[in-house]
2 protein chains.
Amino acid sequence: MQPINGYGVAKVLDSTHPNYAKDDLVWGFTGWEEYSLVTAPQILIKIQHTDVPLSYYTGILGMPGVTAYAGLYEVCSPKKGEYVYVSAASGAVGQLVGQFAKLAGCYVVGSAGSKEKVDLLKNKFGFDDAFNYKEEPDLDAALKRCFPQGIDIYFENVGGKMLDAVLLNMRLRGRIAVCGMISQYNLEKPEGVHNLEQLIGKRIRLEGFLAGDYYHLYPKFLELVIPAIREGKMVYVEDIAEGLENAPAALVGLFTGRNVGKQLVAVA
Amino acid sequence: MQPINGYGVAKVLDSTHPNYAKDDLVWGFTGWEEYSLVTAPQILIKIQHTDVPLSYYTGILGMPGVTAYAGLYEVCSPKKGEYVYVSAASGAVGQLVGQFAKLAGCYVVGSAGSKEKVDLLKNKFGFDDAFNYKEEPDLDAALKRCFPQGIDIYFENVGGKMLDAVLLNMRLRGRIAVCGMISQYNLEKPEGVHNLEQLIGKRIRLEGFLAGDYYHLYPKFLELVIPAIREGKMVYVEDIAEGLENAPAALVGLFTGRNVGKQLVAVA
């Protein structure tokens with residue numbers, strides 16, 4: 001049976017690979033299991049900084065961190081004063097996108113699916129504004145209220161109706177980084193997106209990306225994020241399930257919005 | 001009553017503007033009328049080369065030419081050997097996109113809505129292959145047949161179902177220049193586009209553009225196109241309606257595909 005894979009933090013117990021020695025701490029692509037045999041360590045990065053929680057290497061210092069950093073800074077090139085919107089904004093990636101956008105001097109609004117999450121956005125992550133999309137009968141109206149000037153950058157995590165509403169509110173030469181479309185993954189047939197004509201007159205760029213293309217920027221990324229964590233300029237919220245036996249339920253919870261912050265599983 | 005505007009070729013009868021003199025030939029944004037008063041000549045370009053048909057300045061040497069040039073070369077940066085697909089490929093812009101792509105050393109396939117148009121694509125414009133989309137019950141299958149390797153660049157003129165089929169056939173790091181979505185303009189509600197998730201894993205860029213942003217490249221554009229026309233390396237097919245009274249019917253014909261090549265109206 002193939003193990004289920006995912007990003008994890010681990011200690012090397014034994015290694016014949018010259019770059020990894022016994023007792024090294026690493027993060028990267030491993031199995032949902034207590035002990036993993038890693039034969040091709042393409043995505044297995046040695047942990048240098050241990051004065052931060054090791055779990056952060058599954059989040060703010062791991063793949064979600066690089067995703068937020070690359071999607072916002074590399075794909076969207078934010079400029080000071082631009083208007084940034086993040087959906088699924090309290091999740092593993094979204095909470096970081098908002099904080100990176102604030103570091104870049106942008107005005108940032110996020111949406112999430114509960115009052116608790118909206119409060120986190122405004123009071124913990126420093127978003128300028130936030131709304132609960134489940135309580136907005138008209139997403140277009142919600143965005144017009146939050147962005148009377150329109151949106152320069154949209155960090156897309158959800159797809160479907162939300163993307164349609166965003167397209168109506170984008171500004172000239174807006175950029176949309178497509179990170180995920182979680183609202184669509186479990187539908188038999190995806191909802192249609194109906195407002196793509198907006199791309200033309202407004203010269204909007206919609207671009208998909210994967211963190212894996214940007215790991216060469218990881219040292220530069222750490223130079224920004226490690227001091228920001230130490231100085232309290234960036235924070236990270238995790239939702240930790242205890243024990244591998246609780247991992248499946250935690251995974252399912254991602255699709256119903258049960259988790260608050262980055263969902264992770266403490267195995268050992 | 002406001003005149004209907006459009007791109008035309010005209011002779012200056014009188015001018016108080018220092019850049020335009022009596023008897024200058026110009027192309028640009030004028031009215032659907034015999035005589036126009038142009039008060040703000042932002043898009044009114046003097047015609048320098050008159051050894052080509054003047055009507056070309058409404059097409060291959062005018063806005064459609066700049067649209068094809070900018071959308072393909074500037075938005076999509078084609079590389080030799082890449083696979084290019086053009087929809088509405090026999091139209092004012094599409095026929096030029098295909099020819100520009102051939103000049104760049106690409107493999108080019110176009111689609112159009114009649115056997116006559118498909119023959120034009122293959123026999124006159126030098127497309128490597130072409131198909132009649134109206135005779136393809138399964139657009140995905142048609143594209144897989146024409147592009148067994150997939151598509152690097154899609155020049156989007158139609159939207160809707162065609163875009164959905166293209167998304168399934170794009171290659172890694174594909175580029176889609178969104179020029180128009182003519183299949184959607186007269187629908188009460190646009191068809192949905194359901195396959196945008198493809199953008200993520202394949203890192204596809206979908207970008208809207210307007211020719212108006214690229215007129216600074218017009219001299220460079222002419223340096224390529226004027227010799228290409230003179231040497232017979234580029235050709236252009238026009239569909240000329242005679243008389244202003246036939247203009248409305250010609251416009252309506254665009255939406256049902258009645259025209260073959262660039263639709264224009266000879267006023268005087």
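This is a predicted model: local features need pLDDT of at least 70, side-chain atom pairs count only at pLDDT 80 or more; totals for chains, interfaces and linings use all residues.
Residues are numbered from 1 along each chain as its sequence is written, chains are lettered from A and ligands numbered from 1 in the order in which they are written, and side-chain values use heavy atoms, with hydrogens and water left out.

Let me begin with the interface. Taking contact to mean heavy atoms within 4.5 Å, we find 28 residues of chain A in contact with 28 residues of chain B. Together the two chains bury about 2400 Å², of which 64% is on carbon and sulfur atoms; buried area here is the accessible area, with a 1.4 Å probe, that two parts lose on being put together, summed over both. Of the area that chain A buries against chain B, 25% is supplied by A:His194, A:Glu197 and A:Ile200, which is more than any other three residues give.

How many salt bridges are there between chain A and chain B? The count is four, where a salt bridge is a side-chain nitrogen of Lys or Arg within 4 Å of a carboxyl oxygen of Asp or Glu. B:Arg173 forms a salt bridge with A:Asp213, and there the closest N and O atoms are 3.1 Å apart.

As for which elements take part, strand S8 (170-178), H6 and S9 of chain A each give two or more residues to the side of chain A that touches chain B; helices (H or I, at least four residues) and strands (E, at least two) are DSSP runs, numbered from the N terminus. The largest share of that side, four residues, comes from S9(A). S9(A) also pairs with strand S9 of chain B, residues 205-208, in the antiparallel sense over three bridges, two strands being paired if DSSP finds at least two bridges between them. In that pairing, A:Leu206 stands opposite B:Leu206.

Is A:Arg203 buried or exposed? A:Arg203 is buried, because its relative accessible area is 19%, and the cut-offs are under 20% for buried, over 50% for exposed and in between for partly exposed (1.4 Å probe, protein chains only). Its side chain makes a polar contact of 2.7 Å with the side chain of B:Asp213. Not counting residues up to four places away in sequence, A:Arg203 touches residues of both chains, including A:Arg173, B:Phe209 and B:Leu210. A:Arg173, in turn, lies in strand S8 of chain A, is partly exposed at 42% relative accessible area, and has a phi near 60°, a positive value in a residue other than glycine.

Moving within chain A, strand S2 (residues 25-31) is largely enclosed by the rest of the structure, because five of its seven residues are buried. S2(A) pairs antiparallel with strand S1 (residues 5-11) over seven bridges, and three bridges join S2(A) to strand S3 (residues 44-46), again antiparallel. A:Trp27 is the bridge partner of A:Val9, and A:Trp27 also stands opposite A:Ile45 in S3(A).

In chain B, helix H2 (residues 94-103) is mostly covered, with eight of its ten residues buried, among them B:Leu96, B:Val97 and B:Phe100. The buried residues of H2(B) pack against several elements of chain B, including H1, S4 and helix H7 (218-230). After H2(B) comes B:Gly105, whose phi is positive, near 85°.

I will finish with B:Asn132, which lies in strand S6 (residues 129-132) of chain B and counts as buried at 12% relative accessibility. A polar atom of the B:Asn132 side chain lies 2.9 Å from the backbone nitrogen of B:Lys134. Leaving aside neighbours within four places in sequence, B:Asn132 is in contact with B:Ala112, B:Gly113, B:Ser114, B:Lys115 and B:Val118.

Technical notes. A polar contact is a pair of N or O atoms within 3.5 Å; within protein, one must be able to donate a hydrogen and the other to accept it, and residues adjacent in sequence count only if both atoms are side-chain atoms.
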